[in-house]
Amino acid sequence: MTAGFGARALTAAQAAAALTVVIRLVRGRRRLPPLTPPTAASGGPPVSVVIPARDEEHRIGPCLRALLADPAAAEVIVVDDESSDGTAALAAGLGATVVAGTPPPPGWIGKQWALRQGVRRARGDVVVTLDADARPAPGLLSALAAAVDGFDLVSAGPTFVCEGLAEQALHASFLATLVYRFGPIGPPSPPAPHRVLANGQCLAFRRDAMLRADGFALVRGHMTDDVALARTLAARGWAVGFLDAGDLLRVDMHESAADVWREWGRSLPLGDVTSPAWQAADLAVLWLAGALPVLRLAAGRPTRLDLALIAIRLLLSGALRGSYARPGPGIALSALLDPAAAVRVSAATLWPVRTWRGRTYPRPGRAAPVTYGGRSARPGRTAGR
């Protein structure tokens with residue numbers, strides 16, 4: 001009798017998770033349009049590009065060459081975050097403005113401190129921040145500058161460069177965990193601040209507004225810096241847009257499947273910006289709607305609901321092909337790795353890592369969620385807004 005009750009409870013929980021996933025996926029049919037460059041040939045605001053860089057000599061070159069050839073870039077600033085390699089020399093040699101970053105003060109994560117220094121140095125009306133692994137196409141900067149007329153903070157979703165069957169399969173499985181939890185990129189209506197998502201590889205905002213808010217100081221201690229910034233500012237009244245920029249931006253994040261597992265897997269739980277209740281709910285969705293159907297299929301005992309969820313997952317795999325520069329069979333096989341992805345996200349939730357690029361940051365006494373209690377005026381509007 002107890003076993004029967006447990007089975008019925010598990011089925012009910014799985015049905016609830018399946019319904020949640022379906023609702024989130026259906027909302028994607030009304031996504032906001034992707035970023036496109038404005039039709040006008042010129043006339044956009046001056047754009048300053050800020051790149052925080054720590055030991056990026058081996059991959060920052062393509063990013064800088066593309067930016068320095070873009071007429072929309074008024075300046076390209078590289079904040080050299082105490083690199084031990086030739087990052088600063090390479091950036092300066094290519095023509096970027098190099099800012100020698102100072103050590104992060106106590107309580108600061110290095111990337112936020114570097115970005116704060118770069119934004120304070122910038123002169124453009126609009127600031128675009130990019131990671132060194134970004135590969136911007138012509139038109140990205142002008143498209144972001146135009147998007148800032150409609151949003152206070154814009155985050156851009158890229159096309160991913162993933163080589164190799166295992167790397168692509170694991171990456172696509174991890175990407176599916178984000179879609180299951182938050183829905184596709186470009187939600188048609190803004191989510192609640194505590195569910196806002198952002199991609200810190202590419203952000204755009206008005207410089208004066210960010211300086212007034214001192215946004216990077218507000219999230220100085222968060223390892224999940226991008227989502228922390230977006231959620232904190234959204235709670236303060238900022239309009240935050242997460243838009244598809246796949247035609248204008250590529251990122252080459254990782255070098256192998258092991259690198260994907262180690263580096264991306266640890267950040268996916270969004271642990272320091274998500275309440276324990278939401279973390280539990282998100283993990284339940286991943287296990288019940290993603291991992292369990294695959295495990296039951298492997299055991300030869302799938303239910304009808306499991307088969308329906310596997311079909312949905314395969315349809316999602318087809319949709320995810322557009323997120324990759326050179327989609328291969330790894331994307332179709334990614335569903336088989338969903339149990340492994342659920343294990344990795346669960347482990348990173350329970351045992352968060354606070355080490356990055358040779359620095360270890362003190363662990364707070366408890367997980368530090370973003371504070372939403374404060375209020376401030378929204379950034380000033382432009383005439384065309």
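The legends below describe close-up views of a predicted model.

**View 1. The nonpolar core and the surroundings of Val49.**
The largest nonpolar core of the model holds 98 residues. Leu35, Val49, Ile51, Leu144 and Leu153 are the residues with the most contacts inside this core. Helix 6, residues 165-182, supplies the largest share of the core, at nine residues. Beyond its neighbours within four places in sequence, Val49 is in contact with Leu67, Ala73, Glu75, Val76, Ile77, Val128, Leu130 and Leu141.

**View 2. Helix 5 and its buried residues.**
Helix 5 spans residues 140-147. Six of its eight residues are buried, so helix 5 is largely enclosed by the rest of the structure. The buried residues are Leu140, Leu141, Ala143, Leu144, Ala145 and Ala147.

**View 3. Helix 6 against helix 14.**
Two packed helices are described by the angle between their axes and the distance between the axes. For helix 6 and helix 14 (residues 338-350), the angle is about 65 degrees and the axes are 9 Å apart. Helix 6 is therefore roughly perpendicular to helix 14. The crossing of these two helices is right-handed. Helix 6 contributes Ser173, Phe174 and Thr177 to the meeting, and helix 14 contributes Asp338, Ala341 and Arg344.

**View 4. Helix 6 against helix 12.**
Helix 12 covers residues 304-320, and its axis comes within 11 Å of the axis of helix 6. The two axes cross at roughly 110 degrees, which means that helix 6 is roughly perpendicular to helix 12. From helix 6, the residues that take part are Ala172, Ser173, Leu175, Ala176, Val179 and Tyr180. They meet Leu309, Ile312, Arg313, Leu316 and Leu320 of helix 12. Ser173 of helix 6 is also listed where this helix meets helix 14.

**View 5. Leu170 in helix 6.**
Leu170 lies in helix 6. With a relative accessible area of 8%, Leu170 is buried, because the limit for that class is under 20%. Not counting residues up to four places away in sequence, Leu170 touches Ala257, Val260, Trp261 and Leu337. Leu170 and Ala335 are 165 residues apart in sequence, yet their C-alpha atoms are 9.0 Å apart in space.

**View 6. His254 in a loop.**
His254 sits in the loop between strand 10 (249-251) and helix 10 (257-267). Its relative accessibility is 9%, so His254 counts as buried. Leaving aside neighbours within four places in sequence, the residues in contact with His254 are Glu167, His171, Asp259, Val260, Glu263 and Trp264. Val260 is also touched by Leu170. Phe242 is twelve residues from His254 in sequence, and the two C-alpha atoms are 22 Å apart in space.

**View 7. Aromatic pairs.**
Six aromatic pairs are found in the whole structure. In one of them, the ring centres of Trp108 and Trp113 are 5.1 Å apart and the planes stand at 65 degrees, so the pair is edge-to-face. Trp108 is buried, at 8% relative accessibility, and Trp113 is buried as well, with a relative accessible area of 14%. The rings of Phe205 and Phe216 also form an edge-to-face pair, with centres 6.2 Å apart and planes at 65 degrees. This pair links distant parts of the chain, with Phe205 in strand 8 (residues 202-206) and Phe216 in helix 8 (residues 215-218), eleven residues apart. Both Phe205 and Phe216 are buried. Elsewhere, ring pairs link Phe160, Phe174, Trp261, Trp264 and Tyr324 into a cluster. Of these, Phe174 is listed where helix 6 meets helix 14, Trp261 is touched by Leu170, and Trp264 is in contact with His254.

**View 8. Ala209 in helix 7.**
Ala209 is part of helix 7, residues 207-213. Its relative accessibility of 8% makes Ala209 a buried residue. Ala209 and Leu153 are 56 residues apart in sequence, and their C-alpha atoms are 9.8 Å apart in space.

**View 9. Asp225 in helix 9.**
Asp225 belongs to helix 9, residues 225-235. At 16% relative accessibility, Asp225 is buried, because the class takes in values under 20%. Not counting residues up to four places away in sequence, Asp225 touches Lys111, Gln112 and Val219.

Conventions
Residues numbered from 1 in each chain as written. Predicted model: local features only at pLDDT ≥ 70, side-chain atom pairs only at ≥ 80, totals over all residues. Heavy atoms only, no water. Helix = DSSP H or I, 4+ residues; strand = E, 2+ residues; numbered from the N terminus. Buried < 20%, exposed > 50% of the residue type's maximum accessible area, 1.4 Å probe, protein only. Core = buried A, V, L, I, M, F, W, Y, C linked by side-chain atoms within 4.5 Å. Contact = heavy atoms within 4.5 Å. Phe/Tyr/Trp six-rings, centres within 6.5 Å; stacked < 30°, edge-to-face > 60°. Axes fitted to C-alpha atoms, helices over the stretch in contact; angles between N-to-C directions. Parallel < 35°, antiparallel > 145°, perpendicular 65-115°, else oblique. Left-handed = near helix turned anticlockwise from the far one by under 90°.
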